[in-house]
Amino acid sequence: MEMSASAEVNATFMDDLEEQSMEDAIREQQERLPEAREQLGRLRGAKRRRAGTPLEEPQDDSEAEPSASSSGGAKVAAAPVAAAAAAALPAFDRNGRGCPEVRCTRRIWIGAVALGALCCVYRATRSVTAGSEAWSVQEQGSMVLAGAGGLQAAARGGLAESRWPAPAVDPVEPAAADLAPETADNDSDGQADLETEEVVIPGPSVAYLILGYEDSTRPVWSSKSDDMYIFVPPALCPGCPDYANKSLASGPYLNAPETWWCTQRTYLMALSEFLIQFPDKDYYFLVDANTVVFPRALKTMMSHLDAHILGPHEDLYMGHGFTLENYPDVGLGRFIQSGGGVLLRGLTLRRLASSGTLSECIEEVYNGTWCWHHCDWILGECLRAINVFPQGHPSMQQHKDFCWEYPEPWRCCHEAAVGCHPVDLGEPMRQMVKMHAEYLEGNPDALADPGWARPCADDAYEWRWRGWSVVSICREWAYESPNFLNFRRGIGKPAAFSD
């Protein structure tokens with residue numbers, strides 16, 4: 001029986017991960033090789049002095065190391081490990097006497113090969129399992145741009161012929177114009193060129209997954225120390241099975257172009273690669289390129305959540321909620337709209353991956369009934385499979401342009417917001433970040449109450465405010481905004497969703 005396309009992709013992905021882990025192990029041991037050789041030389045010298053034999057000129061141990069052509073890949077990976085082991089282990093036989101060097105070396109090699117194999121398996125396993133001490137493959141402050149080239153190649157040639165998701169790239173050092181607010185030009189492309197100093201607030205760690213474009217760079221709200229993964233979706237991707245159907249819940253997106261649907265289908269693969277790049281964060285914040293994020297508010301929220309609200313093993317899936325309960329064909333119900341930002345706890349995302357559920361969800365997208373589902377529906381469906389359910393919060397806002405509940409210039413990007421969408425790149429986003437920062441600097445106690453960060457109770461959250469959850473509203477929010485106009489509009493859909 002042939003392996004399905006998605007299963008074959010997952011197998012290839014795990015092989016690539018193991019290969020990368022082995023390369024990392026080799027690189028680490030090679031860096032320790034000079035010190036190990038020096039220790040080995042001292043050990044041999046001491047042994048010869050005890051035996052009363054003349055000291056020989058030191059030899060270059062690299063000449064005796066096996067090559068790939070003569071010994072195979074396993075010993076190449078273990079060679080630096082063997083040198084370190086030789087420096088650390090005394091040369092004695094099973095009876096406690098000094099043993100011939102050949103036999104000792106053979107024993108050292110056997111032990112080193114086994115040790116190297118165990119290290120590789122351990123590192124590969126740690127990268128996809130839950131745990132607060134997961135090893136990291138990225139340095140803090142790195143940015144990864146996942147191009148669509150690999151995904152497009154896979155779409156044209158079939159999933160089995162190319163890696164999916166796109167190959168991980170080494171962290172690139174962004175250009176000075178992207179990272180240095182004090183020197184960058186004030187253009188309109190959304191790059192990080194605010195003339196403000198970075199505010200460092202200690203607390204839980206976070207990494208950002210940004211759904212972007214081919215020319216996406218660091219957004220204006222980010223700082224040099226932020227870890228982010230910019231996902232550029234492919235223009236082409238495999239089609240849907242015949243039994244997968246579209247739903248009227250898609251509204252104006254029923255007839256969306258193929259590129260839009262490819263974005264939806266590849267999102268979970270981007271999420272999987274994102275976790276590989278940043279496996280040990282306390283939180284993950286998923287946003288779009290035209291989502292403005294207010295880092296000071298986000299970091300304050302995460303600190304409150306960790307210190308006062310969430311238990312040590314409690315999951316979190318929070319943002320601007322909505323419900324598709326009127327569309328039973330989707331079979332989802334409540335979920336979080338991704339444009340306003342999805343805040344996931346690190347342990348939640350790691351459990352989704354380590355349980356195998358994330359891989360199963362990717363399979364359901366390509367070979368199941370989720371193929372015509374939106375990416376934020378799919379995320380909600382996948383998390384539901386591990387009994388994690390959405391929690392609404394007014395600090396994440398999906399529909400700024402339809403927000404009447406807050407006056408200009410705030411609209412839904414109010415002073416207590418964490419993420420707000422959509423905001424034009426460049427100057428509009430820059431001014432929004434500046435206005436928000438100035439307000440919080442002038443009102444340092446505005447977000448001091450931990451109750452502000454608490455997720456809204458399900459029965460107190462407006463899952464269909466104004467008929468379409470136009471604004472993220474919690475009737476029992478422990479925060480009173482001086483700008484909120486607390487009255488209901490008549491039931492009706494915004495213009496974008498009109499019939």
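Helices H7 and H10 cross with a left-handed sense (the near helix is turned anticlockwise from the far one by less than a right angle). The model is predicted, with local features needing pLDDT of at least 70, side-chain atom pairs counting only at pLDDT 80 or more, and totals for chains, interfaces and linings using all residues. Residues are numbered from 1 along each chain as its sequence is written, and side-chain values use heavy atoms, without hydrogens and water.

**Helix packing**
- The axes of H7 (residues 258-277) and H10 (residues 357-367) come within 9 Å and cross at roughly 160°; axes are lines fitted to C-alpha atoms over the stretch in contact, with angles from 0 to 180 degrees between N-to-C directions.
- H7 and H10 are therefore roughly antiparallel (angles over 145 degrees).
- Contact (heavy atoms within 4.5 Å) involves Arg265, Thr266, Leu268, Met269, Leu271 and Ser272 of H7, and Leu358, Cys361, Ile362, Val365 and Tyr366 of H10.

**Disulfides**
- There are six disulfides, each a pair of cysteine sulfur atoms within 2.5 Å.
- Cys237 and Cys262 are linked with sulfur atoms 2.3 Å apart, and the link is left-handed at -95° about the S-S bond.
- Cys237 lies in the loop between strand E3 (227-231) and H7, while Cys262 lies in H7, 25 residues apart.
- Cys361 is joined to Cys382 at an S to S distance of 2.1 Å; this link is right-handed, with 100° about the S-S bond.
- Cys361 is in H10 and Cys382 in H11 (residues 375-384), so the pair ties together parts 21 residues apart in sequence.

**Burial**
- Cys237 and Cys262 are buried (under 20% relative accessible area, 1.4 Å probe, protein chains only).
- Cys361 and Cys382 are buried too.

Methods. Helix = DSSP H or I, 4+ residues; strand = E, 2+ residues; numbered from the N terminus. Parallel < 35°, antiparallel > 145°, perpendicular 65-115°, else oblique. Buried < 20%, exposed > 50% of the residue type's maximum accessible area, 1.4 Å probe, protein only.
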